[in-house]
Amino acid sequence: MTNHAPDPALLAKAETLIEALPYLHRYKGATFVVKYGGHAMGDPELARDFAEDVVLLKAVGINPIVVHGGGPQIGAMLKRLGVESQFVGGLRVTDAETARIAEMVLAGSINKEIVGWIGEAGGRAVGISGKDANLVTARKVQRDEADTLQGIERHVDLGFVGEPVAVDPLILTTLAGQGFIPVVAPIALGADGHTYNINADTMAGAIAAACRASRFFLLTDVAGVLNKSGELMTDLDPAGIEALKADGTISGGMIPKVETCVNAVKSGVDAAVILDGRIPHGMLLEIFTRRGAGTLVHA
Ligand SMILES: Nc1ncnc2c1ncn2[C@@H]1O[C@H](COP(=O)(O)OP(=O)(O)O)[C@@H](O)[C@H]1O
Ligand SMILES: CC(=O)N[C@@H](CCC(=O)OP(=O)(O)O)C(=O)O
């Protein structure tokens, strides 16, 4: 006689798939923008998990757009070449040579590495930068604006550090509509013809807003936004974020992240999530299960 008692491990797998069903319905056809930080891509195993997650999203009818960073990798290259580098308020002071090296590292090696991982995972990725098809037009971040944005007092010329002033998402919707996964490096041209180095969080937020993304994920190397006792804050709104910035709980690299999230939700993105890129398949768990992790920023 056959034993019909279900194998509990198999049953658990089936339950996980069924748990995903309402989310699969809800997000079919939606655009998700994923910012993949330079710190999060350090471990090749985790990078492959990330690529699989992106390919799975595409396979179930979601349109993922990846915008990547690469701060630590630019830093390593500058060091090898003996070029000094300095950060002011989370932004790298960028002279003409640093801009050339940043473009080489971001739009060259890192961009193609991510395209390769997605290809290995069975997806078809196309790597571009903000320059391609005029995706992003940048302007120089003015010293005083940088001071206001980053909450800093210093007055320095940041050089070729840009911020997006216009986004033409046609290249992204065209690629996504044909089954490709766009992978975008945070480099863009200014109307003045200069190449600008853009903070990857800022670039991703501008793209999420222009694409009317339903969800915006920022993968980093911390659990999310932490309170003064180091505990994860799972839910934040713009007013709560202002208070945490004012009392110094949120500082450094977390400032552009939360500001980007606030701008994105104010521009119509349903929700932005700062996620721990060190958790294998963390993005899938966040999207398709009730066990969401990280910090959700909503309007
Ligand atoms: N309240 C906070 N919660 C979590 N991280 C914070 C907070 N305030 C400052 N940070 C810093 O922000 C960093 C994340 O920003 P960053 O290093 O720029 O990440 P990425 O390279 O992924 O863009 C954390 O590693 C942490 O040092
Ligand atoms: C102007 C500016 O600071 N640009 C960044 C671009 C890369 C980036 O933002 O990478 P992460 O997301 O890994 O930090 C830089 O030069 O490091």
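**A right-handed crossing, an open sheet and a ligand shell**

Let's start with two helices: α2 and α4 cross in a right-handed way (left-handed is when the near helix is turned anticlockwise from the far one by less than a right angle, right-handed when clockwise). This is a predicted model, where local features need pLDDT of at least 70, side-chain atom pairs count only at pLDDT 80 or more, and totals for chains, interfaces and linings use all residues. Residues are numbered from 1 along each chain as its sequence is written, while chains are lettered from A and ligands numbered from 1 in the order in which they are written. Helices (H or I, at least four residues) and strands (E, at least two) are DSSP runs, numbered from the N terminus.

**The helix pair**

- The axes of α2 (residues 44-59) and α4 (residues 96-120) come within 8 Å and cross at roughly 65 degrees (axes are lines fitted to C-alpha atoms, for helices over the stretch in contact, and angles run from 0 to 180 degrees between N-to-C directions).
- On the α2 side, Ala47, Arg48, Ala51, Val54 and Val55 make the contact, and α4 brings Trp117, Ile118 and Glu120 (contact: C-beta atoms, placed from the backbone, within 7 Å).
- Sorted by class, these contact residues are 6 nonpolar, no polar and 2 charged (nonpolar: Ala, Val, Leu, Ile, Met, Phe, Trp, Tyr, Cys and Pro; charged: Asp, Glu, Lys and Arg; polar: the others, Gly among them).

**The sheet**

- Eight strands form an open sheet with mixed pairing, in the order β5-β8-β2-β1-β11-β13-β14-β12 (strands pair if DSSP finds at least two bridges between them).
- β5 (125-129) and β12 (235-236) sit at the edges with a single partner strand each, so one side of each has no neighbour in the sheet.
- Helix α9 (residues 254-266) packs on the sheet, touching β11 (215-220), β13 (271-276) and β14, and its direction makes about 155 degrees with that of β13.
- β12 and β14 (residues 295-297) run parallel and are joined by 2 bridges.

**Leu296 in β14**

- Leu296 belongs to β14, and Asp235 stands opposite Leu296.
- Leu296 counts as buried because it has 22 C-beta neighbours inside 10 Å (buried: 20 or more other C-beta atoms within 10 Å; exposed: 12 or fewer; partly exposed: in between; C-beta atoms are placed from the backbone).
- Skipping neighbours within four places in sequence, Leu296 is in contact with Thr234, Asp235, Ala271 and Val273.
- Leu296 and Phe217 are 79 residues apart in sequence, and their C-alpha atoms are 9.3 Å apart in space.

**Around ligand 2**

- Gly38, Gly69, Gly71, Arg92 and Ala200 come nearest among the 15 residues around ligand 2 (near: C-beta atom, placed from the backbone, within 6 Å).
- The shell has 7 nonpolar, 7 polar and 1 charged residues.

Definitions and conventions. Two residues are in contact if their C-beta atoms, placed from the backbone, lie within 7 Å.
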